[in-house]
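We will go from a ligand out to the domains and then along a few strands.

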Amino acid sequence: MEQLKVELGERSYEIKIGYDILSKVGQYLKELNLGSKVMIITNELVDSLYGREVEQAIKKAGFEVNIAKIGDGEEYKVLDSAKNLYDQAVNANLDRSSTIIALGGGVVGDIAGFIAATYMRGVNFVQIPTTVLAQVDSSVGGKVAVNHPQGKNLIGAFYQPKLVVADIKVLSTLEPRQLKAGLAEVIKYGVIWDKEFFHFLEAKREEILELDIKTMEYLLKRCCEIKAEVVAQDEREMGIRAILNYGHTIGHALEAVTDYQRFVHGEGVAIGMVAAAKLANKLGILDLADVEKQEQLVKDFGLAVSFDALKINKIIKALAKDKKVKDGMIRFILAEEIGKVVIKSDLPHNIIREVLEELGGER
Ligand SMILES: NC(=O)c1ccc[n+]([C@@H]2O[C@H](COP(=O)([O-])OP(=O)(O)OC[C@H]3O[C@@H](n4cnc5c(N)ncnc54)[C@H](O)[C@@H]3O)[C@@H](O)[C@H]2O)c1
Ligand SMILES: O=C(O)C(=O)C[C@@H](O)[C@H](O)[C@H](O)COP(=O)(O)O
Ligand SMILES: [Zn+2]
């Protein structure tokens, strides 16, 4: 098993990564010295696959367990679902020493964390991520949120978990579409931070798509290490943390303009990264060869690099709701080379339009 730490002073916590470790969750929780009540937030699918194993492990360690479910999909990461979860927390008599556990992908993790941050002004929070995306990204770093119809994650908080437990075994039941979508965030780490990791991804395509255990253990660990390092430097995104948003400026806009129905998050990020690479090239800061390498790796992992039937104006309008907007100015994370990015504002609108048109956007 791999173990690493997110260093945030009194809010520090461990990330445990291993194969077939769900049955150990009860023991891990016990080591944290928490109150006796636990509420697992999950969805029907993940509950049917892994709920009993986690529930039994936690009960065996002496905790009282309640289970609350939300609908499956991005459209359920909203205040309406949160309201229902608050009701269930109140009915289960959760108190300030209780723990909310997110068992699922990023949707479950983000909303469960939002409930943990706000119920009684904050209760213990533990992440058991079950998708690639959640294991490499959303379970680490404490961004918790729900969506607004006009923009992603517009209502949220920074609220760190007390523990993250990532079991590689659970990834075997993922739909191929979801596995691929998670790999978009994996590519992101190579582009923003680590050229060698990018080369590793190019070389290990087959092992990754087959979920080879050793390969995945290294992949998950490296992504979490990078995220932990960035978050430790800038927990609340006052500066460098914004690089974790690479590909998200256009990615989030694509999700929002299609009412969160057409692209899953990773798919939006994949197209958004290709867009960011093209933008950087048009601004003269990134070589064409590095644009092509990113585009190729995105394709190699089975992800789309373009879209159709969307109006450019609509996408541009949605960009204005990005949380990186400062004084009305849209900010982009752009690569100078693979492994190195910068934050740029006041990009000429015509260049953004040009790129969106190249990707399939309609005038
Ligand atoms: N907080 C952050 O830092 C952060 C980072 C990245 C993404 N996110 C958010 O994460 C969300 C996307 O997360 P996601 O890609 O995990 O999507 P998701 O949570 O919708 O999960 C994808 C699908 O996989 C299913 N699933 C989950 N685990 C499974 C398993 N082990 N076997 C079979 N099916 C399984 C889910 O039920 C769902 O249908 C978005 O809302 C995004 O905004 C947040
Ligand atoms: O942890 C971060 O910081 C990230 O930006 C990670 C992203 O992958 C993630 O999608 C995040 O939720 C986006 O944050 P937002 O602030 O743009 O909503
Ligand atoms: Zn993301």
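**Stop 1: the ligand**

Start by selecting the shell around ligand 1, which by class has 11 nonpolar, 15 polar and eight charged residues. Here Ala, Val, Leu, Ile, Met, Phe, Trp, Tyr, Cys and Pro count as nonpolar, Asp, Glu, Lys and Arg as charged, and the others, Gly among them, as polar. Before you go on, note that this is a predicted model, where local features need pLDDT of at least 70, side-chain atom pairs count only at pLDDT 80 or more, and totals for chains, interfaces and linings use all residues. Residues are numbered from 1 along each chain as its sequence is written, while chains are lettered from A and ligands numbered from 1 in the order in which they are written.

Which of the 34 residues around ligand 1 come nearest? Pick Gly105, Gly106, Val107, Thr131 and Ser138; a residue is near a molecule if its C-beta atom, placed from the backbone, lies within 6 Å of it. Now colour the elements that give two or more residues to this shell: helix 2 (44–60), helix 4 (106–118), helix 5 (132–138), strand 8 (151–158), helix 6 (176–192) and helix 11 (265–282). Helices (H or I, at least four residues) and strands (E, at least two) are DSSP runs, numbered from the N terminus.

**Stop 2: two domains**

Colour domain 1 (2–173) and domain 2 (181–358) separately; the bounds come from an automatic or database domain assignment. Both give residues to the shell, so ligand 1 lies between them. Their C-alpha centres are 26 Å apart. The contact takes 29 residues from each of domain 1 and domain 2, with contact meaning C-beta atoms, placed from the backbone, within 7 Å. On the side of domain 1 that touches domain 2, helix 5 supplies the largest share, five residues. That side divides into 14 nonpolar, nine polar and six charged residues.

**Stop 3**

Next, select strand 2 (residues 13–18) and show its side chains. Tyr13, Ile15 and Ile17 point to one face and are buried (20 or more other C-beta atoms within 10 Å of their own, all placed from the backbone).

Leu4 stands opposite Ile15. The two strands form a hairpin with six residues between them, and Gly9 in the turn has a positive phi of about 60 degrees.

Finish with strand 9 (residues 163–167), which runs parallel to strand 2 with five bridges. There, Val165 stands opposite Lys16.

Definitions and conventions:
A residue is buried if 20 or more other C-beta atoms lie within 10 Å of its own, exposed if 12 or fewer, and partly exposed in between; C-beta atoms are placed from the backbone. Two strands pair if DSSP finds at least two bridges between them. Two residues are in contact if their C-beta atoms, placed from the backbone, lie within 7 Å.
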